Amino acid sequence: MIRCLQILLLAGAFSANAVAQGVTDDEIVIGMSAAFTGHSRALGIELYRGSQAYLDTVNARGGVHGRQVVLKAYDDGYDPPRAIANTIQLLEEDEVFVLFNYVGTPTVTRVLPLLRQFSVNDVYLFFPFTGAEPHRQQPYSDYVFNLRASYFNETEGLARNFIDIGRSQIAVFYQADAYGRSGWEGVRNALARAGLKMHSEASYHRGAGFNDDFSQQVDILRQSNPQAIISVCSYEACAGLIRDVRAAGWDVPIANLSFVASESMLALLEAAEPSAGAYTSNLVNAQVVPSYEETDLPAVREYRLAMDQYGDQLPPAAVDGDYQPLPYSFVGLEGYLNARLMVTILERLGPDPIRARIRNTVENMRNIDLGFDQPLNFGPYRHQASEAVYYTTPVDGVFVPLDDWDTWSVESR
Amino acid sequence: MRLFTKTLILILILFAGTGAAVSILSARSLHDSLSSEFQSKGQAIAQGIADSSTEILLNRNLATMQAVIDQFTQIRGVAYVFVSDAEGEVVAHTFVPIVPAEMNALVRPYAHHGTMAGLRTTRVDAGALGSFIHVSAPILAGVAGNVHVGMDLGYIEQQIWETVLDQQLLMLAMFLIAVGIAYIAVNRIVQPITRLAGYTQSLSAEAFESGLDIPDDILSLPQKQRGEIGELADSFISMEHILQQYVSDLKDTTAAKQRIESELNIAHEIQMSMIPKIFPPFPERRELDLHAKLISAREVGGDFYDFYFIDERHLCFAIGDVSGKGVPASLFMALTKTLFRATGGPRNSTARGILTHLNNEISRDNASCMFVTAFCGVLDTETGEIEFCNAGHNPPFVILRGEVSELPGTGDVALGVMEDFEYRSGSLRLAPGDQLVLFTDGITEAMNGDDSFYSESRLSALLQKVEGESSRNVIRHTVEDVREFAQGTPQSDDITMLVLGYRGANAESHPTLAVELANRNTELQRFNRLMEDFGAKHGIPEETQFRIRLSLDEILSNVVRHGYEDESDHVINVIVSWDGHEVTIEVHDDGKPFNPLEAPEADTEKSLEERAIGGLGIHLVRTMMDELDYRREIDTNVLILRTGPRDD
């Protein structure tokens with residue numbers, strides 16, 4: 001009896017402690033650091049909008065166990081030191097319950113040691129918007145849970161598809177940082193598995209924008225005359241490379257990763273191309289969520305509904321900017337799904353959520369259905385729920401699922 | 001300001017040298033220290049990455065690897081970092097857009113037996129990329145690959161340049177400050193010196209007559225400038241004081257001296273005017289050929305001669321030499337000569353009487369104990385008889401019928417030695433053509449450079465040689481011979497000579513022409529006509545007349561043209577005499593003093609315009625005439641020309 005009392009007391013102490021960590025009677029605060037300004041701001045803003053739309057939906061119907069879920073978001077401008085500063089702010093000052101929706105490989109990669117530092121407080125990062133490997137591998141994989149497929153998944157899929165259609169001479173254009181290296185390594189590994197080597201490569205500085213000149217990289221790549229280019233970059237740089245490649249009269253297929261805000265990239269290219277399709281042909285964008293046009297999926301329908309209802313909200317740092325929000329987007333859908341899975345986890349944590357139970361709870365979640373035909377699974381050594389990669393191509397200004405790779409097969413051309 | 005320019009150059013050289021030395025030294029030491037710092041930094045980074053990335057590489061986690069190496073590119077001087085794996089492939093790097101070929105060349109695959117184990121540091125010159133200190137650190141002894149770190153040597157260069165530039169700017173600032181200070185300092189030194197220099201220059205123009213007029217800025221210098229400049233200024237000021245005192249003294253002295261000199265000159269003129277100088281003195285006395293000359297050794301001398309007619313028949317003549325020289329001697333001479341004139345007369349008409357009386361007069365109040373040697377004679381012009389008395393004087397020479405002999409002395413003492421001395425007289429008779437030659441010891445004791453005397457014997461020999469010449473010529477030859485003997489040795493005593501020639505009681509008188517001319521050129525023609533008449537009447541050869549006319553044309557027109565400074569009328573006296581052998585012309589004018597004998601010799605090489613006024617004319621006259629004499633008598637120029645008929 002006394003023993004039971006002691007346990008109860010201990011539990012109460014834990015409970016009180018847990019409440020202090022970002023959970024009050026009315027709110028659960030989750031913390032976000034992402035690019036809301038700069039060349040990658042579309043990613044941060046759309047991700048935020050998608051998540052916020054779902055959270056608003058949940059909060060509107062009463063929240064999680066009676067608590068409103070509040071998303072506290074800071075701008076890091078895709079700059080790793082600011083991401084670190086934001087993280088410390090969120091954990092020490094704001095005392096958020098979990099970290100959520102971080103954007104970018106270089107930022108997240110630098111934040112990982114912090115998670116380890118704060119691991120005694122059971123701090124976890126949920127669903128960062130990056131497919132890079134560092135947080136998918138030991139030791140940092142312990143503190144991070146991913147929803148999306150990895151860049152390895154994306155690049156391997158892209159490489160394999162290109163190899164299948166006879167385009168085995170593959171070049172990589174990548175950002176000179178951890179993100180770019182991650183994609184570069186993915187392509188390299190995929191090629192290695194097929195017994196191939198990377199045909200050629202060229203990098204660019206993080207922070208380069210659409211208005212920068214990429215002709216030097218185009219020249220380097222074109223000299224080796226690859227049969228396909230896999231581009232590991234931010235959307236402005238990707239758009240800039242595509243523009244310069246096409247402007248040079250080169251129609252080589254160019255593949256982009258999910259990190260690219262596809263709609264934003266397409267908008268830049270369409271605005272710049274001299275004739276319709278001049279810059280927007282022969283492109284394939286890998287995605288880690290289905291197309292927001294696939295309205296037969298319940299998640300997509302609900303996403304569009306939520307956006308229609310709550311999509312007008314911008315992160316505080318972006319309110320004063322000139323950013324034109326998109327109605328729907330792949331990134332927005334990913335943000336929506338991230339929030340949906342986050343809320344599912346919070347609900348699973350029960351009415352008195354404490355951080356200490358997070359890992360055990362999540363690792364025991366199986367066959368989660370978020371409504372897009374992909375059963376999601378976590379496990380003790382599985383901190384990535386999905387491995388699905390979707391391939392899309394722009395048609396009439398919209399990215400649609402790519403059904404037939406053979407269009408680009410060497411034989412068919 | 002030349003001193004400042006020199007200082008400026010000195011400072012410039014100093015600073016340029018120092019600047020260059022400091023820059024080179026600091027560039028070198030900076031290069032060394034930065035290089036070694038960079039090298040150790042690069043090694044530390046490479047080693048650090050290698051140690052920490054083992055796990056990452058083994059996990060095949062290149063994104064983390066990339067994130068790790070990306071951090072290091074922000075460190076100052078790190079140009080690049082890249083990681084190669086065991087196969088020698090670059091798996092993470094910070095290059096954009098591609099890994100340069102030079103860097104790929106540095107990567108080698110893992111060779112077994114650990115040949116690459118350990119830190120390697122090399123210098124890499126990657127062309128356009130720049131130069132680097134390249135450090136390679138093996139990961140797991142090279143089994144897992146290598147970490148490569150490049151430290152930018154260009155950054156070191158830039159640092160060095162910036163440092164050197166800073167130093168040079170500092171040096172420039174210091175240089176400008178130093179120049180400024182030097183300018184002020186040099187100015188402080190030079191300004192007083194310049195002031196002193198200006199002051200001394202003005203000193204040289206100063207007459208030091210008025211009171212001291214030293215500028216205030218110079219006067220205040222010794223107080224304001226301590227040290228050498230102050231002392232210099234001080235000495236300048238006291239020098240001016242001394243100079244002024246000296247000049248004032250000098251002026252007084254000079255004034256006194258000038259006064260004495262002018263008084264001496266006047267005394268000389270008075271003295272000279274006391275002795276008769278116009279020869280022939282008695283042109284109407286045909287029986288006499290009397291000539292005398294006195295050449296003073298100093299302004300005033302103690303010699304004298306004199307002659308006068310006691311009565312129609314008797315000529316009294318004397319020569320004397322006062323003991324001593326200078327003013328006292330001349331005063332004594334004046335006294336003696338005046339007494340000599342006063343003594344002789346119808347009541348005292350013998351030489352003995354005259355000298356006895358003279359001796360008594362002089363001896364009576366001779367407080368200064370001066371004495372006079374004198375020779376006195378009285379000639380009877382009817383008979384040629386001479387009664388003479390020698391008061392201690394050199395015995396004269398007498399030329400009797402062509403034979404020179406010394407006149408025996410009377411053995412008497414000089415005048416002024418002994419009162420009431422009884423002088424004795426001697427006598428002599430001159431025949432027509434004979435000459436008596438009186439002289440003072442100024443001739444016989446004239447010295448040459450060898451301190452030997454001219455001597456009586458040489459005089460005697462000379463007189464023998466010129467026997468038969470006129471009295472005037474005898475004197476002329478003697479003076480010339482004495483001068484020749486002296487060879488430029490300054491004359492130490494008065495030279496005085498008197499020659500009395502006797503032509504006999506019945507000798508004819510010389511014809512004379514005396515003309516008064518006005519100072520007008522037209523008067524020349526009048527003189528020429530009169531001269532022509534005179535020459536024709538007395539049988540002067542045409543050739544001689546021509547030369548005389550030519551010479552007087554020159555002389556007279558010269559006097560008319562240049563002789564007078566005013567516009568008023570003047571009289572020019574011309575006296576022409578002819579003794580049958582020789583023509584003597586005297587020209588007296590009261591124009592400004594002009595001695596044609598001192599006019600420079602004509603330089604006939606020069607053009608007419610360049611020659612000095614009168615030069616050529618006098619040159620012409622010199623060649624036309626045999627002899628020229630000039631003297632200034634109070635306010636009158638007296639020019640005497642002589643010539644005789646020439647054979648050619």
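This briefing describes a predicted model of a complex, chain by chain and feature by feature. Residues are numbered from 1 along each chain as its sequence is written, and chains are lettered from A in the order in which they are written. Because the model is predicted, local features need pLDDT of at least 70 and side-chain atom pairs count only at pLDDT 80 or more, while totals for chains, interfaces and linings use all residues. The predictor gives the complex an ipTM of 0.80 and a pTM of 0.56.

**Confidence**

- Chain A averages a pLDDT of 89, with 94% of the residues scoring at least 70; pLDDT is the predictor's confidence in each residue, from 0 to 100.
- Over residues 1-20 of chain A the pLDDT is below 50, and beyond near neighbours in sequence this stretch has 11 contacts in the model.
- Where pLDDT is low, the predicted coordinates should not be read in detail.
- Chain B averages a pLDDT of 84, and 94% of its residues score at least 70.
- Within chain B, confidence is lowest in helix 7 (residues 221-224), at a mean of 76, and highest in strand 14 (residues 435-439), at 94.

**Chain A overall and its side towards chain B**

- The secondary structure of chain A comes to 12 helices and 14 strands, where helices (H or I, at least four residues) and strands (E, at least two) are DSSP runs numbered from the N terminus.
- Of the 413 residues in chain A, 56% are buried; a residue is buried if 20 or more other C-beta atoms lie within 10 Å of its own, exposed if 12 or fewer, and partly exposed in between, with C-beta atoms placed from the backbone.
- Among contacts in chain A between residues at least 6 apart in sequence, 76% join residues at least 24 apart, a contact being a pair of residues whose C-beta atoms, placed from the backbone, lie within 7 Å.
- Between the chains, 23 residues of chain A are in contact with 15 residues of chain B.
- On the chain A side, the elements that give two or more residues are helix 4 (105-117), helix 6 (178-193), strand 7 (200-204) and helix 7 (215-224).
- By class, this side of chain A has eight nonpolar, nine polar and six charged residues, where Ala, Val, Leu, Ile, Met, Phe, Trp, Tyr, Cys and Pro count as nonpolar, Asp, Glu, Lys and Arg as charged, and the others, Gly among them, as polar.

**Nonpolar cores**

- The largest nonpolar core has 173 residues, and those with the most contacts inside it are A:Ile30, A:Leu99, A:Tyr124, A:Ile230 and A:Met342; such a core is a set of buried Ala, Val, Leu, Ile, Met, Phe, Trp, Tyr and Cys residues joined through C-beta atoms within 7 Å.
- Helix 11 (residues 330-348) of chain A supplies the largest share of this core, 11 residues.
- A second, separate core of 62 residues includes B:Leu290, B:Phe307, B:Leu438 and B:Leu500.

**Helix 5 of chain A**

- The 14 residues of helix 5 of chain A should span 20 Å at 1.5 Å a residue, and its end C-alpha atoms are 19 Å apart, which agrees; the expected span is 1.5 Å times one less than the number of residues.
- Helix 5 of chain A is mostly covered, since 10 of its 14 residues are buried, and these pack against strand 6 (170-175), helix 6, strand 8 (228-232), strand 9 (254-256) and strand 10 (283-287) of chain A.
- A:Ala159, which is in helix 5 (residues 151-164), counts as buried because it has 28 C-beta neighbours inside 10 Å.
- Not counting residues up to four places away in sequence, A:Ala159 touches A:Ile170, A:Val187, A:Ala190, A:Leu191 and A:Ile230.

**Backbone details**

- A cis peptide bond joins A:Gln138 and A:Pro139, with omega about 0°, and A:Pro139 is in the loop between strand 4 (125-126) and strand 5 (144-145) of chain A.
- The peptide bond from B:Val96 to B:Pro97 is also cis, with omega near -5°.
- B:Asp451 has a positive phi of about 60° although it is not a glycine, and B:Asp451 counts as exposed because it has 7 C-beta neighbours inside 10 Å.

Conventions: Two residues are in contact if their C-beta atoms, placed from the backbone, lie within 7 Å.
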